[in-house]
Amino acid sequence: PARIPQESRKRKRSTIACNACRDRKTGCDSVRPVCAACQTRGSACEYITKDDKETRSMALRRENINLRECNAALEELVNYLRFLPEDSAQKILRTLRATSDPLAVVQHI
């Protein structure tokens, strides 16, 4: 029997699997907005990447930058609360308790 070259026998790998397929360690066809596996399972199909041009490492790098920016803003908020006069800090604290987005409070200080 004729031998098939090794390269032609390799399975085609998905560029980026959706989060559900990655968690289940199952095959993903990477079709957006819903891959075939999620459609069959009826589960939510979400990708860490913005589009199919972005690789997983690019998406993780982007997320890391966003988290660093968020962390810096929250550190700034803590410093305001620590070093502002008591009445100003209390005003910020009341604003924090009234909102669900602490980063919005930082932007208005």
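Student: Where does aspartate 29 lie, and why is aspartate 29 called partly exposed?

Tutor: In this predicted model, aspartate 29 sits in the loop between α2 and α3. Its relative accessible area is 40%, and since buried means under 20% and exposed means over 50%, a value of 40% falls in between, so aspartate 29 is called partly exposed.

Student: How do you know that the side chain of aspartate 29 makes a polar contact with alanine 36?

Tutor: A polar atom of the aspartate 29 side chain lies 3.3 Å from the backbone nitrogen of alanine 36, and because the cut-off for such a pair is 3.5 Å, the distance of 3.3 Å is within it. Leaving aside neighbours within four places in sequence, aspartate 29 is in contact with Cys35 and Ala36.

Student: What makes glutamate 54 a buried residue?

Tutor: Glutamate 54, which is found in the loop between α3 and α4, has a relative accessible area of 8%; because buried means under 20%, the value of 8% places glutamate 54 in the buried class. Leaving aside neighbours within four places in sequence, its contacts are Ile48, Thr49, Ala59 and Arg62, and its side chain reaches the backbone nitrogen of lysine 50 at 2.7 Å.

Student: Why is the pairing of arginine 62 with glutamate 54 called a salt bridge?

Tutor: The closest N and O atoms of arginine 62 and glutamate 54 are 3.0 Å apart, and because the rule asks for a side-chain nitrogen of Lys or Arg within 4 Å of a carboxyl oxygen of Asp or Glu, the pair qualifies as a salt bridge. Side chains of opposite charge can pair when their charged atoms come close. By this rule the count comes to one salt bridge.

Student: What does the UniProt record list for residues 17–47?

Tutor: The unreviewed UniProt entry lists residues 17–47 as "domain: Zn(2)-C6 fungal-type". In the model, this span is 39% helix and 0% strand, and its end C-alpha atoms lie 7 Å apart. The protein chain has six helices and zero strands.

Student: Where in the protein chain is the confidence lowest, and where is it highest?

Tutor: Confidence is lowest in helix α1 (residues 6–9), at a mean pLDDT of 59, and highest in α3, at 96. Over the protein chain the mean pLDDT is 89, and 86% of the residues reach 70 or more. Where pLDDT is low, the predicted coordinates should not be read in detail.

Conventions:
Residues are numbered from 1 along each chain as its sequence is written. This is a predicted model: local features need pLDDT of at least 70, side-chain atom pairs count only at pLDDT 80 or more; totals for chains, interfaces and linings use all residues. Side-chain values use heavy atoms; hydrogens and water are left out. Helices (H or I, at least four residues) and strands (E, at least two) are DSSP runs, numbered from the N terminus. Buried means under 20% relative accessible area, exposed over 50%, partly exposed in between (1.4 Å probe, protein chains only). A polar contact is a pair of N or O atoms within 3.5 Å; within protein, one must be able to donate a hydrogen and the other to accept it, and residues adjacent in sequence count only if both atoms are side-chain atoms. Contact means heavy atoms within 4.5 Å. pLDDT is the predictor's confidence in each residue, from 0 to 100. UniProt positions are given in the numbering used here, feature names are shortened, and annotations may be inferred rather than shown by experiment.
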